[in-house]
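Thank you all for coming; please take a moment to look at the model on the screen, and then I will walk through it part by part.

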Amino acid sequence: MCGIIAYIGDKNCKDIIINGLKRLEYRGYDSAGIAILIPDNESDKDNTRNKIVVLKQAGKIKDLEESMKNLDFDSHIGIGHTRWATHGAPTQINAHPHTDCTGKIAVVHNGIIENYAEIKEELIKKGHKFISETDTEVLPHLLEEYNNGSPLEAMQKLLKKIKGSGAIVALNSDFPDEIIGARLASPLIVGVGRDGNFLASDIPAVLEHTRNFIIINDFETIRIKKDKVEIFDLDGKLIKRDPFKVNWSITSAEKSGYEDFMQKEIFEQPFGIKETMRGRLIDGDLLFEELNMTEDQIRNLNKIQIIACGTSSHAAMLGKQLIERWARIPVEVEVSSEYRYKNPIVEENCLFIAITQSGETIDTLAAIREAKSKGAKIVAITNVVGSTVARESDSVIYTHAGPEIGVCATKTFTAQIIVMYLMALYFGKVTGNLSKDQYEKIVEEIKFIPNKIQLILNDAEKIKKIADHIYKYRTFLFLGRIFGLPVALEGALKLKEISYIHAEGYAGGEMKHGPIALTDTNTTVVGIVPKDFVYEKMLSNIEEVKARHATILAIATEGDTEIQKYSNYTFYVPSSIEELYGILTIIPLQLLSYYIAKNLGRNVDQPRNLAKSVTVE
Ligand code: F6R
């Protein structure tokens with residue numbers, strides 16, 4: 001996720017900014033840059049004018065630091081940025097800061113500007129020149145356009161114009177005593193220091209300089225000077241807010257106070273989902289330009305082939321159920337490691353989708369190459385811009401979960417599922433298989449997913465208590481049917497990879513064909529039993545294992561009291577339409593595996609024998 005730091009004060013800002021950027025490295029990044037204000041000796045003999053110097057690099061912060069070695073003058077005001085690409089490849093040109101036409105305004109930004117394409121078009125018509133592929137570059141040009149002698153007012157006007165998310169920080173060489181910031185759904189904090197003040201996307205960036213912080217809220221703008229911090233609402237009214245004190249160590253600040261990255265990432269899911277929906281679901285309309293397919297091409301599809309590995313393959317399985325149900329297009333899912341070696345048949349009018357959070361999984365890459373060699377056109381779904389899979393595919397749909405640091409996939413999984421929901425819905429609409437009413441009902445429900453997930457996360461303590469009771473069991477069976485089956489498989493995968501307990505995911509109806517022999521008093525069965533059309537069937541499956549003395553944990557729909565006759569423990573998720581229980585029921589299972597692993601003293605962020613990107617066969 002992009003990181004921001006800005007400083008104005010008595011000290012030389014170069015080291016403060018570079019060190020701050022290093023503190024933000026843990027968030028993941030692919031390029032970095034800095035803009036500082038220095039006296040413009042060439043055009044100003046009296047030394048009263050300033051100019052902005054921008055240095056940026058694709059790659060590591062140490063490369064940026066290296067390039068700054070020749071900057072042998074002091075500066076007391078500057079902004080810095082680590083970029084994690086969302087629009088445009090991770091290149092030097094796309095790295096932040098971005099500047100306006102005059103070079104007097106420099107901007108760093110964390111977030112996504114949904115309406116950047118239309119703004120860019122307007123600005124080009126007015127004569128603005130763009131050089132990067134980013135959404136961010138519209139920001140300095142907008143500030144230039146709105147400039148009426150008050151950078152703060154220009155920022156307030158900008159905030160009313162843009163849609164999407166953003167923490168924005170800007171420097172203006174005509175105003176060398178101030179830095180302006182704004183927030184729209186992406187975090188921005190103020191560090192209040194003794195020798196100056198800071199803006200940052202995250203507390204660790206400035207924790208070595210101050211422990212006093214102010215949180216900026218959505219639609220607020222901020223002006224910091226070396227000895228003054230002023231917060232304003234959108235209409236320019238001053239807001240009074242006192243700083244609070246932070247006692248965290250740097251390591252716990254990196255995890256925003258959570259114990260581990262995995263826990264943090266589980267709790268970040270409502271945000272990652274909103275970001276992934278952003279720009280794709282607007283006022284009830286679905287936009288999928290990234291697919292690069294005409295409506296006729298979609299209507300003519302005979303088949304969709306999805307390939308993926310591990311957790312991503314579970315997102316693919318859920319996608320299959322959804323596409324087949326809403327669009328009635330047959331979907332085949334295969335794990336990449338099998339697909340690549342089976343001499344696959346690539347048919348005409350078949351859409352080929354590769355799902356991979358990292359975009360680097362070697363088996364998925366090999367499967368793509370195999371399919372391409374047989375004429376397939378590839379659509380990738382990935383979380384990493386510019387990754388190898390993204391580069392080698394014909395089109396890319398990015399999830400915007402932000403970088404995932406824990407080895408175990410959590411927030412990238414739910415972001416993939418959201419793409420699957422939106423894509424299946426889009427296909428359902430284009431093929432005419434969904435009525436207007438059905439479509440609108442599903443859209444309404446999808447909009448509520450982040451809130452419903454938040455409600456589940458608010459109940460995390462209940463799952464923790466259940467985990468405290470059952471963590472010593474040595475066998476776990478996860479049972480689900482239809483939409484619940486990929487959830488059962490994913491629940492089992494999460495548990496085995498971070499707790500090292502033997503766990504299996506099964507279709508409920510398959511139990512009697514073998515796995516039921518495993519069931520005894522040492523077994524916990526986790527049943528995914530939301531109120532859907534296979535609810536009664538799942539009850540029977542649970543009855544079967546209960547009769548064999550297994551302990552039952554049911555993940556059920558709120559208000560379902562019947563289930564308690566079958567279960568020893570019950571966790572409720574909010575009610576929804578049956579297709580959406582897939583994304584809701586996985587959240588308690590992520591939490592369950594997390595708390596069980598913690599009880600067993602496991603390293604949840606770096607489980608044994610596993611790697612975040614599997615780049616070897
Ligand atoms: C599970 C996990 C792995 C990955 C798999 C595919 O928590 O992280 O199973 O899902 O290695 O990785 P990507 O999605 O990067 O291709």
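Predicted model: local features only at pLDDT ≥ 70, side-chain atom pairs only at ≥ 80, totals over all residues.

Which atom of the ligand does a polar side-chain atom of threonine 361 lie 2.5 Å from? It is an oxygen atom of the ligand, and the pair counts as a polar contact, that is, a pair of N or O atoms within 3.5 Å, where within protein one must be able to donate a hydrogen and the other to accept it, and residues adjacent in sequence count only if both atoms are side-chain atoms.

Residues are numbered from 1 along each chain as its sequence is written, and side-chain values use heavy atoms, with hydrogens and water left out.

Staying with the ligand, 14 residues surround it, with Ser312, Thr356, Ser358, Thr361 and Glu497 the closest; a residue counts here if one of its heavy atoms lies within 4 Å. Serine 312 places a polar side-chain atom 2.6 Å from an oxygen atom of the ligand, whereas for valine 407 a backbone N or O atom lies 3.5 Å from a ligand oxygen.

Now to the overall layout. The domain assignment, which is automatic or from a database, gives domain 1 (3-249), domain 2 (256-447) and domain 3 (456-602). The centres of domain 1 and domain 2, taken over C-alpha atoms, are separated by 33 Å, and 16 residues of domain 1 are in contact (heavy atoms within 4.5 Å) with 17 residues of domain 2.

Next, the interior. Buried means under 20% relative accessible area, exposed over 50%, and partly exposed in between, with a 1.4 Å probe and protein chains only.

H14 itself covers residues 411-430; helices (H or I, at least four residues) and strands (E, at least two) are DSSP runs, numbered from the N terminus. Of the 20 residues in H14, 19 are buried. Phenylalanine 427, leaving aside neighbours within four places in sequence, is in contact with several residues, among them Leu291, Ile304 and Leu351. After H14 comes glycine 432, whose phi is positive, near 75°.

Just after H12, glycine 375 takes a positive phi of about 95°.

Finally, let me turn to two threonines. Threonine 523, in strand E25 (residues 523-529), is buried with a relative accessible area of 0%, and a polar atom of its side chain lies 3.4 Å from the backbone oxygen of leucine 518. Threonine 475, in strand E23 (residues 475-480), is also buried, at 17%, and threonine 475 touches Thr523, among others.

Key:
Expected span 1.5 Å × (residues − 1).
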